[in-house]
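Hi,

Here is the structure I promised to pass on. Have a look first, and then read on for what turned up in it.

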Amino acid sequence: MSSLQKQKNSPSIKFKMNNSTITAVATPPGRGGIGIIKISGKDALSIAESIFVKKQRKNLSEKKDKEKSFSNKGQSFKSHKLYLGNIINKETGKNIDEVLLSVMKEPNSYTKEDVVEINAHSGQIALNEILKLVIKKGARLAEPGEFTKRAFINGRIDLTQAEAVIDIINARTEKSLEIANSQIDGKLKYHITLIRDSLIKILAEIDAGIDFPDEVDEDLNKNEIKNRINNEAVKPLMELIENYKIGNVFKEGIGLVVAGKPNVGKSSLMNRMANKERVIVTSVPGTTRDVIEETININGIPAIISDTAGLHDSNDPIEVIGIKKAYEQINVSDIVLFMIDASEKLTKEDYKIQKDFKYKEMIIVINKIDLVEDNCKVEIPEKWKKIKNVKISALYGKGIDELKKMIEKAYTGDYRINIKNKTIPNLRHKTEIEKCLDKTLSAKKGMGKETPFELIAIDIKEAINSLGEIIGVSVKEEILDKIFKRFCIGK
């Protein structure tokens, strides 16, 4: 049997699916206007029937009351309708909450199963009471991401779209949200499927040459197939990898650390960048003892900025711990904002800090320019002049926009990032795309030599499988578990 026959005759991947009905609170904990309890599965409607009592509409004829009254049969629920009523423990007669109950019958629901959403008041006690009642009636608590996992397994979305759900939830800027929405619309799936289908067609022709060499060999144009592999697979794969490099910054963000000796204004810069009083600022050196983090937006790019303890020699055991943590944070950062004081001469601490982290991407931030004359030149060593530097006043906000532009350029290089109309994969996708590219390049090289068709077919089949891993056609269950564990319970 040829490799294409195996590919086509392979059964659709079956994942273990627990047919139990699942439930979870789908809204964040805490008080609010609305809290939602979601139920999905074959018993969702019967569970709703057993705990929900519909409000009767007043001032209607007896006939209309009878027609519109709540029935204990599942068929009485119309799909995609809202019902006003109460959640009642019918064993005790206890009224738990007045709710709006929404019903979405399979297959036209998020999971392609019967789904019921109970829109209650968002008090933790009320939500917990309803959740306990739903579980008592036969549902089980959903695992993290299980609703979306069921949507994937039931074929409503592919794996890239499922991953986009968590990206939307975690989006920290408008641009990262734009990328996630593009993915949930199926843009990445479209491009991956296009490449995969092209490789399957090429594999069919090569398999024909393997199975029927006398009839096909003369008609098989190796040079044409080589060009098709290049144009229909290699080039678009390379473009996707390039898109990852220039666009993934909007998903993952930048790690920034403000570093310097004590009392140069690190905490003031942190507060200025965060647009709030995140860190205590005093004139006493060594006020900051621990690493303090805050998420900020730098021209559409999410960044986590960390304020650290002042770096210097100290015998204070608490300061020593803070300095050690500062060094650890700097080592894992993307960019070090090395701060010096414009109103003072450089000290041995300044030189030591620069030397210790000269291997890191660095911007010298010359702070406190409000304390020096406008035309005063801040002297920095000749060997430091190759390092990007910017003059600011963290106290008054001067130079902050220039610093942000410098941070963006330091991270993205000379790229002018424009994510519009770009398909941007995540790290998992990129890993599989690179595997696919490696195999397609090997197949392309093989077509230019006397490589046996059987070996070229193996390369192409492995490339096809890598693309299948991305959209979920050939993904392993342990990969699925890893992906959906990133989700919150209730999604």
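Let me begin with the charged pairs: the count comes to 21 salt bridges, a salt bridge being a side-chain nitrogen of Lys or Arg within 4 Å of a carboxyl oxygen of Asp or Glu. Before the details, please keep in mind that this is a predicted model, in which local features need pLDDT of at least 70 and side-chain atom pairs count only at pLDDT 80 or more, while totals for chains, interfaces and linings use all residues. Residues are numbered from 1 along each chain as its sequence is written, and side-chain values use heavy atoms, with hydrogens and water left out.

**Salt bridges**

One of the bridges joins lysine 137 and glutamate 91, at 3.8 Å from N to O. Lysine 137 sits in the loop between α4 (124-136) and β7 (140-141), and glutamate 91 in the loop between β4 and β5 (94-104), so this pair ties together parts that are 46 residues apart in sequence. Helices (H or I, at least four residues) and strands (E, at least two) are DSSP runs, numbered from the N terminus. Lysine 137 is partly exposed at 31% relative accessibility, whereas glutamate 91 is exposed at 55%; the cut-offs are under 20% relative accessible area for buried, over 50% for exposed and partly exposed in between (1.4 Å probe, protein chains only).

Lysine 94 and glutamate 129 also meet in a salt bridge, again with 3.8 Å from N to O. This pair links distant parts of the chain, with lysine 94 in strand β5 and glutamate 129 in helix α4, 35 residues apart. Glutamate 129 has a salt bridge to lysine 132 as well, at 3.3 Å. Those two are 3 residues apart in helix α4, so about one helical turn separates them. Elsewhere, salt bridges that share partners join Glu113, Arg140, Glu146 and Arg150 into one network.

**Around β10**

Strand β10 (residues 301-307) is mostly covered, with 6 of its 7 residues buried. Strand β8 (residues 254-259) runs parallel to β10 and is joined to it by 5 bridges; two strands pair if DSSP finds at least two bridges between them. Here valine 258 stands opposite aspartate 307. Strand β9 (residues 292-298) pairs with β10 in the antiparallel sense over 7 bridges, and asparagine 297 faces proline 302 there. The hairpin of β9 and β10 has 2 residues between the strands, and asparagine 299 takes a positive phi near 50° in it.

**A buried lysine**

Lysine 261 lies in the loop between β8 and α12 (266-274). Is it buried or exposed? With 8% relative accessibility, lysine 261 counts as buried. Its side chain makes polar contacts with those of threonine 347, at 3.3 Å, and aspartate 350, at 3.1 Å. A polar contact is a pair of N or O atoms within 3.5 Å; within protein, one must be able to donate a hydrogen and the other to accept it, and residues adjacent in sequence count only if both atoms are side-chain atoms.

**The whole chain**

The secondary structure comes to 18 helices and 13 strands, and buried residues make up 48% of the 491 residues.

Best wishes
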